[in-house]
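Take a walk through this model, one site at a time.

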Amino acid sequence: MEPKVNNWEFCEKPEIVVHETDLLLIGGGMACCGAAYEADRWATPEGLRVTMVDKAATDRSGAVAMGLSAINTYLGENSTEDYVRYVRNDLMGITREDLTFDLGRVVDDSVYLFEDWGLPIWKKDKEGKSVDGARAQREEMPSLRDGGTPVRSGRWQIMINGESYKVIVAEAAKLALENNRKATGVDQNHFERVFIVKLMLDKDDPKKVAGAVGFSVREHKVYIFKCKTALLGTGGCVNIFKTRSTAEGQGRAWFPVWNSGSNYAMAAESGAEMTMMENRFVPARFKDGYGPVGAWFLLFKAKATNALGEDYCATNLEESRKLYGKYVDSLGTCMRNHMMMIDMKAGKGPIKIHTDVALQTLSETMSKKEIKHLEAEAWEDFLDMTIAQAGVWAANNMEPEKVPSELMPSEPYLLGSHAGCAGLWTSGPEDFGPDEYSWGYNRMTTINGLFTAGDGVGASGHKFSSGSHAEGRIAGKSMTSYFLDTKGEDVGYGEDHEELAKEIYMPMETFGKFSGYTTDPDINPHYIRPAMMQQRLQKVMDEYVGGVGTWYMTSKTMLEEGFKYLVMIKEDALHMSAENLHELLRAWENFHRILAGEAHARHIHFREETRYPGYYYRGDFLAIDDENWKCFVNSTYDKETGEWDVFKREYHQLVP
Ligand code: SFD
Ligand code: AMP
């Protein structure tokens with residue numbers, strides 16, 4: 001097919017806005033809000049300009065958009081070493097322990113800040129009774145910083161009334177940006193609804209970042225940011241696999257559908273080293289609404305069984321030990337999934353979580369008023385975080401105190417902050433870990449000046465909302481050091497602004513030029529619409545890279561067949577069309593999803609074992625193989641040739 005060209009004949013040429021800054025924060029989620037807060041503390045006094053650009057409205061953007069009902073990483077009385085052991089166990093023995101240790105020693109300070117900024121955190125009163133966050137605030141119970149006792153659901157998790165969690169964290173970030181704006185005299189340093197699609201590198205040194213480009217999803221504007229250092233804080237990747245939700249429900253997922261793998265795709269295209277991109281997270285969730293299970297298992301002490309009433313984690317333990325040995329004992333997240341899937345595949349489903357039994361048991365020692373409050377908390381757990389699950393209960397006339405709910409493993413997501421560890425290979429702290437893990441600036445990638453945090457940092461999961469914020473703070477401070485240390489060195493990209501705008505708006509020119517060729521603009525031999533391209537990608541990933549359609553099974557032969565389609569999908573993506581700015585957003589999300597999906601598949605193809613049973617299986621290497629594969633799998637991508645170089649990196653155990 002003829003390559004598409006853009007001469008602005010069929011779509012309006014956008015205005016090109018150029019913004020120069022020093023520290024650019026790409027994203028407005030937990031990581032970038034942490035970075036904005038911390039960068040203001042260190043960069044503003046030095047007169048450095050800080051800018052945030054977010055794809056959405058920062059108050060309600062990213063994974064915490066709907067709020068959360070718990071903070072899953074708060075160490076409190078736990079040691080940092082134990083945190084490293086917990087993360088290592090849950091991620092099947094391979095993590096960058098320097099990054100996890102470094103995060104563990106600072107994360108609680110972010111939680112103290114959240115409480116200072118108004119986040120209602122549940123507390124234990126003098127009798128040891130739970131008091132929800134709003135009442136604890138009203139009764140001025142001691143803050144965590146002042147020794148207050150949180151209500152723990154699990155060893156690492158604390159309960160919150162978190163519907164407005166993101167609004168609270170975003171407000172602090174925006175105040176920090178405003179303080180910086182005033183101090184540095186710039187007109188604007190917070191851009192919302194601007195989707196960044198490409199990083200730009202220094203024209204003389206392709207191992208150095210020099211800027212980023214994107215477009216407004218509301219106005220005909222292309223934004224070009226010139227910067228010396230940038231933070232990629234754009235979250236994880238959702239909707240690369242066929243989803244369990246279908247048709248009218250398509251779009252319902254657990255992780256946010258608007259996080260489209262930009263972190264991984266833009267970094268890969270810049271040549272940054274990736275790590276553990278074979279890892280994924282397959283969360284067990286309340287069926288159809290994708291409601292999380294943590295609070296139910298940990299706070300409400302609910303049990304999950306197969307349809308025969310058996311605890312599948314007990315009945316399948318020894319069977320699982322045959323392939324996964326000692327790894328079954330810590331019953332990590334993927335292992336719990338694995339044992340559930342054994343029963344589901346054996347027809348012992350549906351799997352049910354017994355919310356009714358849990359609430360009835362808890363209410364045995366409670367007053368009527370306390371029971372009413374408990375039932376409200378049961379609903380609030382989802383109303384604070386995954387509203388649709390409360391919707392599914394209501395729509396199905398289900399009262400959790402009366403009937404159990406069905407659980408289902410969802411489609412896979414790529415992320416680095418939750419119970420997964422895909423992402424970029426970054427420098428760790430100077431004071432903890434082997435030399436090869438640190439190259440100057442904490443959380444800097446292998447591209448100088450390019451940093452990442454949260455879902456962007458690979459090989460160090462279980463950071464969650466609080467850890468992503470704290471990691472953003474670490475990066476914000478390091479970016480300031482990097483800028484000051486490289487003050488005399490100029491950077492500048494070579495890209496032409498007009499050519500960048502043409503490339504970005506190509507799908508709109510394509511639609512304008514060819515949509516009249518057929519009677520139905522959806523059916524056209526000259527282009528493919530983004531929604532269809534997404535469906536194609538999801539189908540190929542599902543069938544060849546271990547989606548729900550194959551019970552997460554794949555192999556060398558399946559992957560190699562899949563690669564043929566992925567290469568064609570990359571070619572065909574150049575012929576996507578976009579009728580409006582929303583479809584242009586969808587088109588560029590696909591470009592990012594396709595590359596993130598390919599990275600995932602290339603890494604799974606390289607790692608010849610099944611390290612994460614319950615997340616995915618290599619049918620040709622079903623067992624865990626510590627002898628050959630207790631190591632990191634890293635890669636770099638060459639966007640000119642489309643070639644991936646995938647290789648091993650040594651794992652060092654730092655905490656006994
Ligand atoms: O219940 C671009 N998470 C939970 N963490 C907890 O601490 N407690 C919980 O209770 C958690 N639960 C939970 C969680 C997530 C979700 C979706 C649900 C339930 C339903 C995990 C945390 O939320 C997660 O770890 C962090 O938020 C990750 O932070 P970060 O910063 O890595 O990602 P982000 O917050 O999603 O922000 C991404 C930002 O980037 C923007 N963006 N901007 C410009 N250009 C682009 N190309 C962009 N692409 C994305 C987004 O707009 C956003 O601002 S439970 O499951 O455990
Ligand atoms: P989730 O709701 O699945 O996202 O999990 C939230 C938190 O609870 C994470 O820290 C999980 O590791 C933890 N968690 C979830 N289910 C269990 C379980 N069955 N046992 C122990 N921890 C769990």
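Start at glycine 28. A polar backbone atom of this residue lies 3.0 Å from an oxygen atom of ligand 1. The model is a predicted one, and every distance here is computed from it.

Now move to aspartate 54. An N or O atom in its side chain is 2.6 Å from an oxygen atom of ligand 1. Serine 262 meets a nitrogen atom of the ligand instead. The distance from that nitrogen to an N or O atom in the serine 262 side chain is 3.0 Å. How much of ligand 1 does the protein cover? On its own, ligand 1 has 1,100 Å² of accessible area, and the protein covers 98% of it.

Several elements supply the shell around ligand 1. Those giving two or more residues are helix 1 (30-43), strand 4 (68-71), strand 9 (194-201) and helix 15 (464-485). In total, 38 residues surround ligand 1. The closest are Asp54, Ala70, Asn72, Ser417 and Ser465. By class, the shell around ligand 1 holds 18 nonpolar, 16 polar and four charged residues.

Next comes ligand 2. Its surroundings comprise 13 residues. Gln157, Arg285, Val293, Gly294 and His418 are the closest. Three of these names return when polar atoms are paired. In arginine 285, a side-chain N or O atom is 2.7 Å from an oxygen atom of ligand 2. Valine 293 uses its backbone: an N or O atom there lies 3.1 Å from a ligand 2 oxygen. In histidine 418 the side chain takes part, with an N or O atom 3.0 Å from an oxygen atom of ligand 2. Alone, ligand 2 exposes 480 Å², of which the protein buries 82%.

Which element gives the most to the shell around ligand 2? Helix 8 (residues 294-298) does, with three residues. The shell around ligand 2 divides into six nonpolar, five polar and two charged residues.

Turn now to the backbone. Most residues other than glycine have a negative phi, and most peptide bonds are trans. Glycine 349 and proline 350 are joined by a cis peptide bond, with omega about -5°. Proline 350 sits in the loop between helix 11 (333-345) and strand 16 (351-353).

Methionine 276 is not a glycine, yet its phi is positive, about 50°. Look for methionine 276 in the loop between strand 13 (274-275) and strand 14 (284-286). Is methionine 276 buried or exposed? Methionine 276 is buried, because its relative accessible area is 0%.

Lysine 301 also has a positive phi, near 55°. Its place is the loop between helix 8 and strand 15 (304-305).

Finish with the cysteines. A disulfide is a covalent bond between the sulfur atoms of two cysteines. How many disulfides does the structure hold? The count is zero. Cysteine 227 is in no disulfide, and the nearest cysteine sulfur, that of cysteine 32, is 12 Å away. Cysteine 227 is buried, with a relative accessible area of 3%. Cysteine 313 is in no disulfide either; its nearest cysteine sulfur belongs to cysteine 334, 11 Å away. Cysteine 313 counts as buried too, at 14% relative accessibility, because the cut-off for buried is under 20%.

Conventions
Residues are numbered from 1 along each chain as its sequence is written. Chains are lettered from A and ligands numbered from 1 in the order in which they are written. This is a predicted model: local features need pLDDT of at least 70, side-chain atom pairs count only at pLDDT 80 or more; totals for chains, interfaces and linings use all residues. Side-chain values use heavy atoms; hydrogens and water are left out. A residue is near a molecule or strand if one of its heavy atoms lies within 4 Å of it. A polar contact is a pair of N or O atoms within 3.5 Å; within protein, one must be able to donate a hydrogen and the other to accept it, and residues adjacent in sequence count only if both atoms are side-chain atoms. Accessible areas come from the Shrake-Rupley method with a 1.4 Å probe; for residues, only the protein chains shown count as cover. Helices (H or I, at least four residues) and strands (E, at least two) are DSSP runs, numbered from the N terminus. Ala, Val, Leu, Ile, Met, Phe, Trp, Tyr, Cys and Pro count as nonpolar, Asp, Glu, Lys and Arg as charged, and the others, Gly among them, as polar. Buried means under 20% relative accessible area, exposed over 50%, partly exposed in between (1.4 Å probe, protein chains only). A disulfide is a pair of cysteine sulfur atoms within 2.5 Å.
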